[in-house]
Each structure stands twice: as structure tokens, then as C-alpha cells.
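Colleague: I'm new to reading protein models. Could you walk me through this one, a feature at a time?

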Amino acid sequence: MACASSRKVGEGTYANVYEARMLRTGLKVALKKIKVSKLRADGLDVSAVREVKFLRELEHPNIVRLHDVYAHKGNVHLVLEFLPTDLEAVIKNSALTFGPGDVKSWLMMALRGLHHCHRQLILHRDLKPNNLLLGRDGQLKLADFGLARDYGDPARALSSQVVTRWYRSPELLLGAQHYGPGVDIWAMGCIFAELLLRVPYLAGDTDIGQLHTIFRALGTPGAADWPGIELLPDYHALPQYPRTPMRTLFTAAGSETLDLLERMLVFYPPARISALAALGHRYFKMMPPPTPPAQLPGVA
Ligand code: ADP
């Protein structure tokens, strides 16, 4: 299905993204043209293969829709549903004010999309506000599955060099090669905190510094908090920091808000709350209710 592209709307690590129209239907779409790596003999980057593979398997209102894939002049093109903005832009837009019901609504949509990935044993592995796209109707959708992996086979080693630094979980920072949905939950916890604070919560300036930033905020975990931590490949003598009570930083948040946030940011990965359990947490049942998507700030 060919498209006429107009303006460039974004540039990612492995693709340029254009606003385009499908020639047959006139539907506005995002056309993701994959930059073909000169080094790869097959000419097709593994990121593109992954993105196509996973998006085809994932159909959900909170996951970006892949309309089509085609090759043109030797390049792979992904035709995606067009989404005009993203959560990073909304967080950074100081002209917008948002309240507790808005945060609840965005988190609920993000967790619904994530639960859909995890129930199909797919890890996103690059969650950050910039990859949570927002539709004109206010719907939030998980995008950018270029780093996604399936984790059905627990014996297979996975790369720990994934996830943008500020959203990277402690097990990844300690070099874990066997990890699971907890890496996405950690990232989602960081995003939840960022929605509450309107600035990134755990913003380390280097990869080593990231671990220290996490420990300064949440306290250095001991063997009791994280059984087996000393067995992780990059484990080293960790600087000891006390935990800062969340309440001191998140002054305006309710107790159920902080309870859910703390459960998403549990150190020991198997004890971290799942997307499904998070959706069932009392935070989502308490007042205020989640704002209906069409009434969210930043919706055109
Ligand atoms: P990469 O995987 O290479 O990082 P992304 O998927 O993050 O590429 O896309 C790069 C940019 O293109 C995004 O930051 C966003 O601005 C824009 N973009 C991506 N997908 C869409 C879409 N479906 N609709 C509108 N803009 C998009």
C-alpha cells in the first residue's frame, strides 16, 4: 500500500518518520522509513524485523497500530497509525496544567498496553515518555518496538544494554542477562513518578551514576531486599545510602498513589508488581476517577 509522504516528523536511531497519506484511502499515517545499515549483508536491520514482528502480534487500543509494511527502492517502510504528540511533549509543556485524574488516566492506558505485551510474553524494553504517543482523541499508545523481545525461553540470555538510562532498572544496570517484565514495570514506575513531578525522577548523568541516583533516592538494597543481588555480573561493593521517604519528594501525592509507585519500584525483580496487579491496585479505584481520554490536557 503506497503512501505519499509530506513532512518529516521525527528521527529515531534506526528510522526517519514522516507524516504521510495512504494513496488509496487518504488516511493520514506515520511512515517510518528504516535506515538500512550498510554493514548488514541482508540489508535489513534487526530492529525493523523486531518491530514488524511484534506489532503484527499486538493489536490493542493502547498499542500503536501497524497498518502495513512494504519495500520501496530497497528500503523497508512501516505504515503506522499517526499520533500527533507524545507524553514527553505534554510533560514538558509548561502551559499545560494537569491533575491527579489526568495522571491516573495516562498510567492506566499505558499499563493496559503493557499488560497486553506481557501476556503475550513480549517485553517492550524501551519505555520512556517519548515512546508513549498520544492520539487526537487522547488515547495513549505504546510505540517504538525496535528493541522489543520475547521472553518465552528463560534459558536464553538477553542483552542488558537496553532501555534509555533514566528508565533502566537496577537489574539491567547490574548486567542481568536473564530478566523479565519487571524491566518494563520499573520504567513505567519512573514515568509515573515523572508525571507526578513533571521532571525526570531518577536522572543519572552516566551509566554508573544512574545506579547511585537510584540508591540515593530509594536506599541501597541489601541481601534481604534483593536475594542473590551479589550474583549479578556487574555487582560490586555498592555505596550505602539510606532511603529517602517518598513523601518528602512527592508532597502532593495521596498515600495510595505512593503505595503503587513504591510497588513498581521494588528492587527485587520478582517482587515488583505486575501490570495486571497494578491495574487492580486501589489507586485506580479511589477518587478522582481517571480523566476520560478526550478531556486530557494536550488533546487537540
Ligand atoms: P526509533 O525507533 O528509531 O527511535 P521512533 O519510533 O522513536 O524511532 O520514532 C522517532 C520519532 O518519530 C518519534 O520521536 C516521534 O516524534 C515520531 N513518530 C514515531 N512514530 C510515530 C507515529 N506513529 N505518529 C507520529 N509520529 C511518530
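Modeller: Domain bounds come from an automatic or database domain assignment, and here the assignment gives domain 1 (1-82) and domain 2 (86-295). Keep in mind that this is a predicted model, where local features need pLDDT of at least 70 and side-chain atom pairs count only at pLDDT 80 or more, while totals for chains, interfaces and linings use all residues. Residues are numbered from 1 along each chain as its sequence is written.

Colleague: How many residues of domain 1 are in contact with domain 2?

Modeller: Two residues are in contact if their C-beta atoms, placed from the backbone, lie within 7 Å. By that rule, 14 residues of domain 1 are in contact with 17 residues of domain 2. On the domain 1 side, the touching residues are seven nonpolar, four polar and three charged. For those classes, Ala, Val, Leu, Ile, Met, Phe, Trp, Tyr, Cys and Pro count as nonpolar, Asp, Glu, Lys and Arg as charged, and the others, Gly among them, as polar.

Colleague: Where does the ligand lie?

Modeller: Look at who supplies its shell. Both domain 1 (1-82) and domain 2 (86-295) give residues to it, so the ligand lies between them. A residue is near a molecule if its C-beta atom, placed from the backbone, lies within 6 Å of it. There are 18 residues around the ligand, and Gly-10, Gly-12, Val-17, Ala-30 and Asp-144 come nearest. The elements giving two or more residues to this shell are β1 (3-11), β2 (15-22) and β5 (75-81). By class, the shell has eleven nonpolar, five polar and two charged residues.

Colleague: And what counts as a helix or a strand?

Modeller: They're DSSP runs numbered from the N terminus: helices are H or I with at least four residues, strands are E with at least two. This chain has nine helices and ten strands. Its radius of gyration, taken over C-alpha atoms, is 20 Å, close to the 19 Å that the globule rule (2.2 Å times the number of residues to the power 0.38) gives for 300 residues, so the chain is as compact as a globular protein of that length.

Colleague: How far does helix α3 reach from its first C-alpha to its last?

Modeller: The expected span of a helix is 1.5 Å times one less than its number of residues. Helix α3 (residues 100-119) has 20 residues and reaches 28 Å, close to the 28 Å expected.

Colleague: Is α3 mostly covered or uncovered, and how many of its residues are buried?

Modeller: A residue is buried if 20 or more other C-beta atoms lie within 10 Å of its own, exposed if 12 or fewer, and partly exposed in between, with C-beta atoms placed from the backbone. In α3, 14 of the 20 residues are buried, making the helix mostly covered. Across the 300 residues of the chain, 40% count as buried.

Colleague: What about omega?

Modeller: Check the peptide bond from Met-287 to Pro-288: it is cis, with omega near -10°. Pro-288 is in the segment after α9 (275-279).
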